[in-house]
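User: I am new to this structure and would like to learn how to read its features one at a time. Please give the general idea of each, then the case here.

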Amino acid sequence: MGYSSENVRRVKEIFQNKYLAAQNDAQARKYELWAKLPEIRELDMAISALGLEAVRTTVGGGENARQRIMELKKQSIELQEARKNLLLSKGYPADYTAVHYECEKCGDTGYLETKMCDCMKRALILAGYESSGLGKLMQTQTFDSFSLDFYRAKSEIYEKMKHNFEFIKRFAEEFSTGKCVNLALFGGTGLGKTHLSTAAAKTVIDRGYDVLYVTAVSMIADFEKERFGSGYSDTDAGSLGRYYDCDLLIIDDIGTEVTNQFTVSVLYNVINVRLAKQKSTVISTNLAPAELRSRYWDRIASRIFGEYTPLLFEGTDIRMQKLRMKNGN
Ligand SMILES: Nc1ncnc2c1ncn2[C@@H]1O[C@H](COP(=O)(O)OP(=O)(O)OP(=O)(O)O)[C@@H](O)[C@H]1O
Ligand SMILES: [Mg+2]
Ligand SMILES: [Zn+2]
């Protein structure tokens, strides 16, 4: 699986802090209690003395060790019972000084022996949402909120869009790093290219992969920052390495960036290196396939046409359709 290493580092740090905070909180409650109820302090001291003696007896061994340990255990249980009753009689919950972890299963360590706990997997997915660059789009633009009804005006268009939808959904649900699948979404404005790319991104992140979504413009800007050394920091959006290494890169709105030697070479590089590394990429563009061919070097175009599955989006601008529906006509 491909959780980004930066996210893994960050999430582990968060878990460590959470774990320590839970311990500290419990300790603080204990000291507070000791100040108010010195009898509890006495009992705690006595209980820990018994524990210590039990350890000593175990280590020392000897004839009667086993018998002695049984006695110590019995005494300890009695004292703990007394402590519990005292707490309850003073109006405290019996587990007032126990450590309260957010996840009782793993005690906020993130692991059950060597297996990662579900709580840490969830945290990594949330971190994945954040580092994907998708922000709020991900809450609204899902496969569930995608409706084929908007393409019903013409049956050939409906069939094509149904195919596109099913193709992209299957791509996301079956995504794996073992298989390089690249998609090129072509089509006019407002036809659902970004919507379906976002939906795919979310599904792939949910399945535990590292996904990066960018517009061509922001990708070029990132590379420019590095080129001119204008304060590009690794903490911004992860280093440029992620463009080459993430499991799935989505470059949206290709063709809206300024076209010059530099921008074309960035695009060429990213597309080419990812193909060489067998990493999947999804691009989308308003340009018609022929325009794409004439705007970019032949080398880019031939890679896109040779190695990407083209999906043509057709229909009537859904932004407009929704606006008209809202205005009631
Ligand atoms: N089939 C659909 N069902 C529901 N909402 C849709 C559908 N297609 C698009 N939308 C919505 O319409 C708006 C425009 O869609 P989207 O941004 O995906 O278009 P696009 O093809 O990426 O356009 P552009 O080329 O301008 O970027 C978005 O708010 C999106 O959620
Ligand atoms: Mg778009
Ligand atoms: Zn857990």
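User: At roughly what angle do the axes of α4 and α7 cross?

Analyst: Axes are lines fitted to C-alpha atoms, for helices over the stretch in contact, and angles run from 0 to 180 degrees between N-to-C directions. Helices (H or I, at least four residues) and strands (E, at least two) are DSSP runs, numbered from the N terminus. In this predicted model, local features need pLDDT of at least 70 and side-chain atom pairs count only at pLDDT 80 or more, while totals for chains, interfaces and linings use all residues. Residues are numbered from 1 along each chain as its sequence is written, chains are lettered from A and ligands numbered from 1 in the order in which they are written, and side-chain values use heavy atoms, with hydrogens and water left out. Here the axes of α4 and α7 cross at roughly 150° and come within 9 Å.

User: How are α4 and α7 oriented to each other, roughly parallel or roughly antiparallel?

Analyst: Angles under 35 degrees count as roughly parallel, over 145 as roughly antiparallel, 65 to 115 as roughly perpendicular and the rest as oblique. α4 and α7 are therefore roughly antiparallel. The crossing also has a hand: left-handed if the near helix is turned anticlockwise from the far one by less than a right angle, right-handed if clockwise. α4 passes α7 in a right-handed crossing.

User: Which residues of α4 and α7 meet?

Analyst: Contact means heavy atoms within 4.5 Å. On the α4 side there are I125, G128 and Y129, and they meet K202, I205 and D206 of α7. For classes, Ala, Val, Leu, Ile, Met, Phe, Trp, Tyr, Cys and Pro count as nonpolar, Asp, Glu, Lys and Arg as charged, and the others, Gly among them, as polar. The contact of α4 with α7 has three nonpolar, one polar and two charged residues.

User: At what angle do α6 and α7 pack?

Analyst: Helix α6 (residues 155-173) packs on helix α7 (residues 193-206) at about 20°, and their axes are 8 Å apart. That angle makes the two helices, α6 and α7, roughly parallel. Their crossing is right-handed. From α6 the contact takes F165, I168, A172 and E173, and from α7 it takes L196, A200, T203 and V204. Sorted by class, the contact of α6 with α7 has six nonpolar, one polar and one charged residues.

User: What is the crossing angle of α1 and α4?

Analyst: The axes of α1 and α4 cross at roughly 130° and come within 10 Å. The two helices, α1 and α4, are therefore oblique to each other. The crossing of α1 and α4 is right-handed. Residues of α1 in the contact include N7, V11 and F15, and those of α4 include M120, L124 and S131. The contact of α1 with α4 has eight nonpolar, three polar and three charged residues.

User: How many salt bridges does the structure hold?

Analyst: A salt bridge is a side-chain nitrogen of Lys or Arg within 4 Å of a carboxyl oxygen of Asp or Glu. The structure holds 17. In one of them, E102 pairs with K18, with the closest N and O atoms 3.3 Å apart. E102 lies in the loop between α3 (65-89) and β1 (111-112) and K18 in helix α1 (residues 5-36), so the pair ties together parts 84 residues apart in sequence.

User: Where does Q278 lie, and what is its phi?

Analyst: Most residues other than glycine have a negative phi. Q278 lies in the loop between α10 and β6 (280-285) and has a positive phi of about 60°, although it is not a glycine. D253 also is not a glycine and has a positive phi of about 60°. D253 is found in strand β5 (residues 248-254) and counts as partly exposed, at 28% relative accessibility.

Definitions and conventions
Buried < 20%, exposed > 50% of the residue type's maximum accessible area, 1.4 Å probe, protein only.
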